[in-house]
Amino acid sequence: MAEETESKQSAVESVMEKISEKIHGHDSSSSSDSDSDHEKPASPSSVKAKIYRLFGRERPLHHVLGGGKPADVFLWRNKKISAGVLGGATAIWVLFELIEYHLLTLLCHISILSLAVLFLWSNVHTFIHKTPPRIPQVHLPEEPFLQIASALTIELNQALELLRDIASGRNPKFLVVVAAFWVLSVVGSWCNFLTLFYTSFVLLHTVPVLYEKYEDKVDPFAEKAVIEIKKQYAFFDANVLSKIPTGPLKSKKV
C-alpha cells in the first residue's frame with residue numbers, strides 16, 4: 001500500500017511539473033513575441049512624410065524670429081504690447097511724414113516742456129502744499145547695447161561674406177541679389193526712408209502672425225513657387241549663363 005501511495009504521489013508531482021512547464025513556456029513565448037513586436041520597426045506608412053516649410057525651416061516660427069520678447073511682439077503673443085508698439089510707430093510716422101515735424105525740433109520741444117514742468121513744480125510745491133517731484137537717477141546699462149552691437153556686427157559680417165562669395169563666383173545667387181537691390185532702388189524712388197522703414201515695421205507685425213495662422217495653406221503654394229523658380233533658373237543657366245565665356249583665374253603672387 002505504501003508503494004502504491006508513493007507511486008500515485010510521484011505521478012501527481014510529474015503531472016504538476018508538466019503543467020507548470022507548459023504555463024512558463026507559454027509566458028516566455030508570449031513575452032518574446034511582445035518583445036519582437038516592440039523591436040519591429042514602424043511601417044513606412046506610419047511614418048509621416050517630411051512637410052515642406054517656407055525657407056527650409058525646421059523650427060517653429062517663434063524660434064526663427066529669435067524667440068523671447070521680440071518674437072512675442074511680432075507674433076502678437078501679448079496683444080496690448082504689440083498694439084502699443086504698432087500704434088507708437090504709426091504715431092511717429094504720422095508726426096514726421098504727414099505733419100512734417102522734424103526730429104530735432106520734437107526732441108527740443110519735449111525737453112523744454114519737461115524741464116519747465118519740473119522747474120515750476122519744484123519751486124511752487126511749498127505754496128500748493130504738494131511734495132516735490134522725485135526725479136529718478138537714470139543710468140543706462142552697457143550690456144544691452146553691447147549685445148545689440150554684437151548681434152548687428154555678426155549680421156553685417158555674414159552679409160559682407162555673402163556678397164564677397166557672390167562677387168568671387170563661389171555663390172550662384174548673383175541674379176537674386178541683383179534683383180533684390182533693383183527692387184529696393186525702385187521702392188526707394190517711390191518713398192523716403194522713413195516710409196520704407198514704417199512699411200517694413202508694419203509688415204513685421206502682420207505677415208508673421210498671418211503666416212503662423214495659415215502656414216499649412218501657404219507652404220504648399222510656396223513649394224510649388226520655389227520648384228517653378230528653380231526650373232526657370234536652371235533653364236536660364238543652361239541657355240544663357242553657361243554660354244558666357246570665362247577666363248582662367250590668375251593665381252595671386254606672394
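Helices here are DSSP runs of H or I, at least four residues long, numbered from the N terminus. The model is predicted.

**Helix α4: span and sides**

- Helix α4 covers residues 79–98, 20 residues in total.
- From its first C-alpha to its last, α4 reaches 27 Å, close to the 28 Å expected at 1.5 Å a residue.
- The buried residues of α4 are S82, L86, A89, W93 and F96. They sit on the same side of α4, because they cover an arc of only 105° around the axis.
- An α-helix has 3.6 residues a turn, so residues three or four places apart point the same way.
- The face of α4 turned away from the buried side carries two exposed residues, K80 and L98.

- Just after α4 comes E100, with a positive phi of about 60°.

**The nonpolar surface patch**

- F174, L175, V178, Y233, F236, V240 and I244 make a nonpolar surface patch of about 560 Å².
- Two elements give two or more residues to this patch: α7 (174–190) and α9 (215–239).
- Helix α7 supplies the largest share, three residues.
- L175, one of the patch residues, lies in helix α7.
- L175 counts as partly exposed because its relative accessibility is 32%, and partly exposed means between the buried limit of under 20% and the exposed limit of over 50%.

Note on methods: Residues numbered from 1 in each chain as written. Predicted model: local features only at pLDDT ≥ 70, side-chain atom pairs only at ≥ 80, totals over all residues. Heavy atoms only, no water. Patch = residues over 30% accessible without salt bridge, like charges linked within 9 Å, V, L, I, M, F, W, Y side chains within 5 Å. Areas by Shrake-Rupley, 256 points an atom, 1.4 Å probe, with all protein chains shown as cover. Salt bridge = Lys/Arg side-chain N within 4 Å of Asp/Glu carboxyl O. Buried < 20%, exposed > 50% of the residue type's maximum accessible area, 1.4 Å probe, protein only. Expected span 1.5 Å × (residues − 1). Arc of directions from axis to C-beta.
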